[in-house]
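Subject: Structure handover

Hello,

I am passing on the structure we talked about. Please look through it first; my notes on what was found follow below.

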Amino acid sequence: MPSPSRRTWTWTFDLPPHELWPLLADTSRFNEAMGLPPYTLEETPQTNGTVLRRGRGKVAGFTLEWEEKPYEWVAGRYFRQTRVFSKGPFRRFGPVFDLVADAKGGSTVTYTLEWEPLGLTGRLFGARLAEQAGGAVEKRMLQAASFLRGERLTPFEMPPPSLPEGAQARAEALAVEIDRSPYGNNLGRILAATVLGGMASDLAPLKPKRLARQLDVPQRTAIETCLAAVRAGLLTMRWDLLCTNCRGPKLSVAALSELPRGAHCPSCNIDYDRDFEKNVELSFAPTPAIRPLMDGSFCLSGPMATPHVVVQVLLAPGEKRDIEVELPAGRYRLRTLHPGTVVDFDHAGGGLFPGLRVTAAGVEAGSAVKLGRIAFENMAGFEVAALIEDRTWTREALTAPEVISLQAFRDLFAAATLRPGDEAGVGQVALLFTDLQGSTALYERVGDAKAYNLVREHFALLAAIVRDHDGAVVKTIGDAVMASFGDPADAVKAALAMQAKLAADTEFVLKVGIHAGPSVVVTLNDRLDYFGSTVNMAARLQGQSRGGDIVLSRTVAEDPAVQALLADLPKRSEEVTLKGFDQPVGFLRLETVTV
C-alpha cells in the first residue's frame, strides 16, 4: 500500500486570525476563486441516524467518486476535511488550514494537503495537483489579504462570467428602470454590475444585508433596491424555510402563500417546523436570462456554511480527544451532526466548559477537563461528528417579520399573502396607530373634495415618515393609520417625526398610540395584517391621545433604546381602564411634541 503523501506551505500576514478567518474559511467562495467547479452530493440516511454524503465529479480526465466526510474546525483557528474515494487515483485526499496569532498582531497561516495515492498514477497526479493547488491558494490568500487591508475592491480576482447574448444590454435597461422606482435608491447600476460580474457564491443566494455591508449602505436601502429589482426583472426572490440545525435553506418557494408549516432537512436527517420569526427568510438570485448560475455549490459544508457552529470534530468509535479552545460568554448547544439528544449550556465566559460525551442516543454533558480545553468522547459505537453551536440566530437572514414591516414590500408586493386559513406568530412587533383630531369639522369647513385631498396628502406624509424609520403602513381606516415596525425605538422616532412635521407644516392635530408585543400575522381583506391583543392595546392607547401628544404602553416606554429617546422629553405616567382589558393599563404620555 502506498504511504500517505503531504505538502505544506506557510505564509505570514500582518493581519490577525479573526480578520483572515471569514475569507479563508468561506470554502465555497475560496473554491470558486480557485476555479473549481460546483458540485452536488447524494445524501443517504443510515440506520444509525447519520447521513452518508457521496459526490461525483471529473478532474483532469479522471472520473471521481467519493464519500464526503464532515469538516472539522475550531472557529478562527483551523479547519480540515477529507474525501474518501471509491473511484479515482486516490484513497483519501483533503486540505488542512491552520491560523496562529503571532506576537506582533499578525498571523502565521499553514496550508497542508494530505493524500493517499493508489499506484503510480495517484502518486504522480497527486504531486502535480498539490503543486498547482499550493500556487493557487497562495495567489488567492494574497488577494484576500490585500482586500482586507483596503488595497483592492474585491477579495478575489475573477475572470468575467459567461453571459447569455444580450444580457449586458438587458441589465443596463433594467438598471434604469430600477433607478426610476421610488425604492431603487439610485443603486440600479451598481446592483446590475454585481449581478453581471459578481461571484456566483455571492449571488446564489443574494442576501441584501450582506450586500448592504459590501456597498456600505443602510440595510433598508439594499433591501428596497433588491425588491425593486424583482419588480423590474433583474432579480427573482424566494421564501426559504431554514433548517433549525444547519440553518440552510432546505425548502424554497416562490410565493409566501406556498410556504408549508414544516420541512425535512436531508443533510441533518431531521424534520423541522416553521417559525415565522426565525427560520423564514426572503432571499434573491439573478434572473436566469441575465446571469444563469450552475446547480450545486463550490463547497457544501465548510465552516462558513454554518457560522453558528464554533467547534466541530469527527470522532472514530471509542475516540477521546481534547480540543484547545476558549469560548466567549454565550448560549451554546452541544449536539451531534445527526439527530439525537442535545445539551444546552449558558457559558459565563472564562470558566470551565463541559465536555461532550456522545452515545447512540445523542450528547451528554461530560466532565470539564481544564481551562481552555474541551473534552470530546465517542461512545456511540460508530463514527460521529460532534459540535458546539451558538444558539443565537444570525441577523444576516432577512426574516419574514422584517420584510412585512417594510413599506417597499407592501407597496411593491401588495398581493403577497399567506394562504387562506394560514397564520404565523411573531414574537414582537411594534404597532403605531394614528388618527386625526377634528377631521369631521374639517370636512364641514372646507368641503368634502378639498378635505379628502388634504387627508390623502396627510396619508402620504405619514407613509414617508414610516418608511424613513424602517416601518410599513399596514392599512388606513378612515382618517386613521396603522403601521408596523420591527423595533419599538423606530416606532417612537417615527411618532416624534410625525408630530413635529404636522405641528410645523399642517393644520392637522394628530393622535398617536404605540404598543409592542407578540402578534399573529394573518391575511385579511387580501393583505397581510396583524391580529391579537397587541393590536387591540395599540388601538386603545391611540384613543387615549388628546392630540399633539404620543401615548406609549409601558412595554414600549421601558425599552432601553426608547428610554434613551425620551430622556429630555416632557412626559407623564398615567393609568386607565381600557375596554377589553381586565386590569387597569399604565402608559406614558409624551406631552405636546414640537421637536
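Two strands count as paired if DSSP finds at least two bridges between them. Helices (H or I, at least four residues) and strands (E, at least two) are themselves DSSP runs, numbered from the N terminus.

This is a predicted model, in which local features need pLDDT of at least 70 and side-chain atom pairs count only at pLDDT 80 or more, while totals for chains, interfaces and linings use all residues. Residues are numbered from 1 along each chain as its sequence is written, and side-chain values use heavy atoms, with hydrogens and water left out.

**The chain as a whole**

The chain holds 16 helices and 30 strands. Its C-alpha atoms fill a box of roughly 100 × 60 × 50 Å along the principal axes. Of its 595 residues, 51% are buried; buried means under 20% relative accessible area, exposed means over 50%, and partly exposed lies in between (1.4 Å probe, protein chains only). A contact means heavy atoms within 4.5 Å. Among contacts between residues at least 6 apart in sequence, 66% join residues at least 24 apart.

Strand S3 (residues 51-59) pairs with strand S4 (residues 62-68) in the antiparallel sense, over six bridges. Within this pair, Arg-56 has Glu-65 of S4 as its bridge partner. The two strands make a hairpin with two residues between them, and Ala-60 in the turn has a positive phi of about 50 degrees. S4 is also joined by four bridges to strand S7 (residues 83-87), again antiparallel. Here Glu-67 is partnered by Val-84 in S7.

**The cores and helix H8**

A nonpolar core is a set of buried Ala, Val, Leu, Ile, Met, Phe, Trp, Tyr and Cys residues joined through side-chain atoms within 4.5 Å. The largest one has 62 residues, and those with the most contacts inside it are Leu-227, Leu-234, Trp-239, Phe-276, Phe-284 and Phe-409. Helix H8 (residues 219-232) gives the most to this core, with seven residues. Another core, of 39 residues, lies apart from it and includes Trp-11, Ala-33, Phe-79 and Ala-130.

Three strands form an open sheet in the order S11-S10-S14, with antiparallel pairing. Strand S11 (249-253) and strand S14 (280-286) are at the edges with a single partner strand each, so one side of each is left without a neighbour in the sheet. On average, neighbouring strands of this sheet are turned by 40 degrees against each other, direction ignored. Four bridges hold the antiparallel pair of strand S10 (residues 235-242) and S11, and Trp-239 stands opposite Val-253 in S11. H8 lies across S10 and S14, running at about 120 degrees to S10; axes are lines fitted to C-alpha atoms, for helices over the stretch in contact, and angles run from 0 to 180 degrees between N-to-C directions.

The other open sheet has four strands in the order S16-S21-S19-S20, and its pairing is mixed. Its edges are strand S16 (320-324) and strand S20 (362-366); each has a single partner strand, so one side of each has no neighbour in the sheet. Neighbouring strands of this sheet are turned by 20 degrees against each other on average, direction ignored. S16 and strand S21 (residues 373-378) run antiparallel and are joined by five bridges, with Lys-320 opposite Glu-377 in S21.

**Helix H7**

In helix H7 (residues 208-215), the buried residues are Pro-208, Lys-209, Arg-210, Leu-211 and Ala-212. They pack against helix H5 (188-197), helix H6 (200-203), H8, S14 and helix H9 (400-404). After H7 comes Asp-216, with a positive phi near 60 degrees.

**Two single residues**

Asp-411 is in helix H10 (residues 407-412) and is partly exposed, with a relative accessible area of 42%. Its side chain makes a polar contact of 2.4 Å with the side chain of Tyr-183. A polar contact is a pair of N or O atoms within 3.5 Å; within protein, one must be able to donate a hydrogen and the other to accept it, and residues adjacent in sequence count only if both atoms are side-chain atoms.

His-469 is in the loop between helix H12 (448-468) and strand S24 (471-477). A polar atom of the His-469 side chain lies 2.8 Å from the backbone oxygen of Ile-465.

Regards
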